[in-house]
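Please open the structure in your viewer and keep the sequence panel beside it. The tour below moves from one selection to the next and says what is there at each stop.

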Amino acid sequence: MLRSIGAVATEVRLPGHLDGLDGLIIPGGESTTLSRLMSLYDLRQPVADMAAAGRAVWGTCAGMIMLASEITEADPIPLAVMDVGVQRNAFGRQVDSFEQDLTVAGLGPDPYHAIFIRAPVIIRVGKSVEVLAALSDGRPVAVRQDSLLATSFHPELTADARIHRYFLAMAGGPPFDADAPLIETPRVR
């Protein structure tokens, strides 16, 4: 998705891979595995330092769990860089995955079609956290705290690049415009 909108995307597997990056996306997947791999490859502190330094970090689904300051389970151990509480697998098993149109603050008037797969949900929002989108029952599913972004859903599974463009703007790329065409020149790494 990032490459399709003109960004230079680099895989991060080791701490040195963070050097020179303008932003980092912690992807969806299995949060316990992410936590263990981050510990095994000494990425925990460098990613936390990146967030503390005000560099853009976005967690999607399991990545959101990793950014949280608290989760409802004892494992995995989150990075505790975003002032939110998160409940893992809040909607049930894989078979309970769903799709829903959301109004996302800052993305313009068109709804955003979100895909939730064994998704977490935010159960506590700190004072410095802005809720960007919530389900119809009021539970937040997209939030921002300064240079940190977290989504319960998987934006990479849609053809809608607005959230990716929004994140690139957070990382120092072109200013976000919900109606803009694809980014013409790669400016963010």
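A salt bridge is counted here when a side-chain nitrogen of Lys or Arg is within 4 Å of a carboxyl oxygen of Asp or Glu. The model is a predicted one, in which local features need pLDDT of at least 70 and side-chain atom pairs count only at pLDDT 80 or more, while totals for chains, interfaces and linings use all residues. Residues are numbered from 1 along each chain as its sequence is written, and side-chain values use heavy atoms, with hydrogens and water left out.

**Stop 1: the salt bridges**

Select Arg 36 and Asp 75, which form a salt bridge whose closest N and O atoms are 3.4 Å apart. Arg 36 lies in helix H1 and Asp 75 in the loop between strand E3 (68-71) and strand E4 (82-87), so the pair ties together parts that are 39 residues apart in sequence. Helices (H or I, at least four residues) and strands (E, at least two) are DSSP runs, numbered from the N terminus. Arg 36 is exposed at a relative accessible area of 56%, whereas Asp 75 is partly exposed at 32%; buried means under 20% relative accessible area, exposed over 50%, and partly exposed in between (1.4 Å probe, protein chains only).

Next select Glu 70 and Arg 124, whose side chains meet in a salt bridge of 3.3 Å, N to O. This pair links distant parts of the chain, with Glu 70 in strand E3 and Arg 124 in strand E7 (residues 121-125), 54 residues apart. Glu 70 counts as partly exposed at 37% relative accessibility, and Arg 124 is also partly exposed, with a relative accessible area of 27%.

For a contrast in setting, move to Asp 160 and Arg 162, where the closest N and O atoms of the salt bridge are 2.7 Å apart. Are these two residues buried or exposed? Both Asp 160 and Arg 162 are buried. A search of the whole structure finds 7 salt bridges.

**Stop 2: helix H4**

Now select helix H4, residues 162-170, and colour Ile 163 within it. H4 is mostly covered, since 8 of its 9 residues are buried, among them His 164, Tyr 166, Phe 167 and Met 170. Ile 163 itself counts as buried, at 4% relative accessibility. Which residues does Ile 163 touch, not counting those up to four places away in sequence? They are Trp 58, Leu 107, Tyr 112, Leu 149, Phe 153 and Pro 155, where contact means heavy atoms within 4.5 Å. The buried residues of H4 pack against E1, E2, strand E6 (112-116), strand E8 (130-134), strand E9 (140-145) and E10. Beyond the helix, stop at Gly 172, which follows H4 and has a positive phi, near 100°.

**Stop 3**

Two strands pair if DSSP finds at least two bridges between them. Strand E1 (residues 23-26) runs parallel to E2 and is joined to it by 4 bridges, with Gly 23 having Ala 56 as its bridge partner. Strand E10 (residues 148-151) is likewise parallel to E2 and joined to it by 4 bridges, and here Val 57 has Leu 148 as its bridge partner.

**Stop 4: a nonpolar patch**

Select Leu 14, Leu 37, Leu 40 and Tyr 41, which make a nonpolar surface patch of about 380 Å². Patches are made of residues with over 30% relative accessible area and no salt bridge, joining like charges within 9 Å and nonpolar side chains (Val, Leu, Ile, Met, Phe, Trp, Tyr) within 5 Å; accessible areas come from the Shrake-Rupley method with a 1.4 Å probe, and for residues only the protein chains shown count as cover. Leu 40 is found in helix H1 (residues 31-40) and is exposed, with a relative accessible area of 59%.

**Stop 5: the whole chain**

Finally, show the protein chain as a cartoon, where the secondary structure comes to 4 helices and 10 strands. Buried residues make up 46% of its 189 residues.
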